[in-house]
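Here is a short report on how two protein chains meet. Look at the sequence and the model first, then read on.

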Protein chains: 2
Amino acid sequence: MMKVVVYVRLKDSVLDPQGKAVSGGLRNLGFAEVTDVKVGKMIELYMDDATATENLKERVGDMCQKLLVNTVIEEFRFEVVG
Amino acid sequence: MMKVVVYVRLKDSVLDPQGKAVSGGLRNLGFAEVTDVKVGKMIELYMDDATATENLKERVGDMCQKLLVNTVIEEFRFEVVG
């Protein structure tokens with residue numbers, strides 16, 4: 001079993017209302033040191049070893065472009081974990 | 001500005017309907033090598049240097065316990081990035 005983890009985050013220029021809400025919540029709980037929060041996704045992909053080896057990085061890039069990431073407002077990186 | 005990244009994922013024993021949906025979607029797009037998908041959160045915390053240094057790890061652990069993580073069904077780890 002091959003595992004790849006994709007990290008997706010909003011581009012810095014994009015407003016993050018969810019992050020603002022979490023940031024406000026943390027400050028209400030007394031964590032005044034928090035100045036900003038950004039909420040993104042961590043997607044773990046599990047793949048079959050046999051079929052996953054050739055051009056793995058290209059395929060994962062394709063998966064991100066086609067489904068996992070909204071490339072207009074999001075950026076991503078991924079790492080092959082094992 | 002101090003930055004800490006929190007990685008939150010569902011515990012392995014918990015069903016992940018969102019992951020199942022993404023997994024099905026990828027296979028429909030022709031990525032047959034994908035056997036399973038787990039969707040988690042990546043939360044970037046930005047903190048004020050002056051107030052954030054003492055017991056930073058303890059404070060971030062507290063933030064996770066109190067707001068960022070549902071510890072019944074989720075597990076988390078975090079790293080101080082800079």
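## Polar contacts across the interface

Between chain B and chain A, 16 residue pairs are in polar contact, both residues being at pLDDT 80 or more. A polar contact is a pair of N or O atoms within 3.5 Å; within protein, one must be able to donate a hydrogen and the other to accept it, and residues adjacent in sequence count only if both atoms are side-chain atoms.

The model is predicted: local features need pLDDT of at least 70, side-chain atom pairs count only at pLDDT 80 or more, and totals for chains, interfaces and linings use all residues. Residues are numbered from 1 along each chain as its sequence is written, chains are lettered from A and ligands numbered from 1 in the order in which they are written, and side-chain values use heavy atoms, with hydrogens and water left out.

## What chain B brings

The side of chain B that touches chain A takes 14 residues, its largest share, from E2(B). Strands here are DSSP runs (E, at least two residues), as are helices (H or I, at least four), numbered from the N terminus. By class, this side of chain B has 20 nonpolar, five polar and 11 charged residues. Ala, Val, Leu, Ile, Met, Phe, Trp, Tyr, Cys and Pro count as nonpolar, Asp, Glu, Lys and Arg as charged, and the others, Gly among them, as polar.

## Area and strand pairing

Chain B and chain A bury about 3,100 Å² between them, 63% of it on carbon and sulfur atoms. Buried area is the accessible area (1.4 Å probe) that two parts lose on being put together, summed over both. In chain B, Phe31(B), Glu33(B) and Met42(B) lose the most area to chain A.

Strand E2 of chain A runs antiparallel to E2(B), and 13 bridges join them. Two strands pair if DSSP finds at least two bridges between them. One bridge has Val39(A) partnered with Ile43(B).

## Salt bridges

How many salt bridges are there between chain B and chain A? The count is four. A salt bridge is a side-chain nitrogen of Lys or Arg within 4 Å of a carboxyl oxygen of Asp or Glu. One joins Glu44(A) to Arg9(B), at 2.6 Å from N to O.

Arg9(B) also meets Glu75(B) in a salt bridge, at 2.8 Å. Glu75(B) lies in strand E3 and Arg9(B) in strand E1 of chain B, 66 residues apart. Arg9(B) is buried, with 15% relative accessible area, whereas Glu75(B) is partly exposed at 34%. Buried means under 20%, exposed over 50%, and partly exposed in between (1.4 Å probe, protein chains only). A network of salt bridges links Lys3(A), Glu44(A), Arg9(B), Asp12(B) and Glu75(B).
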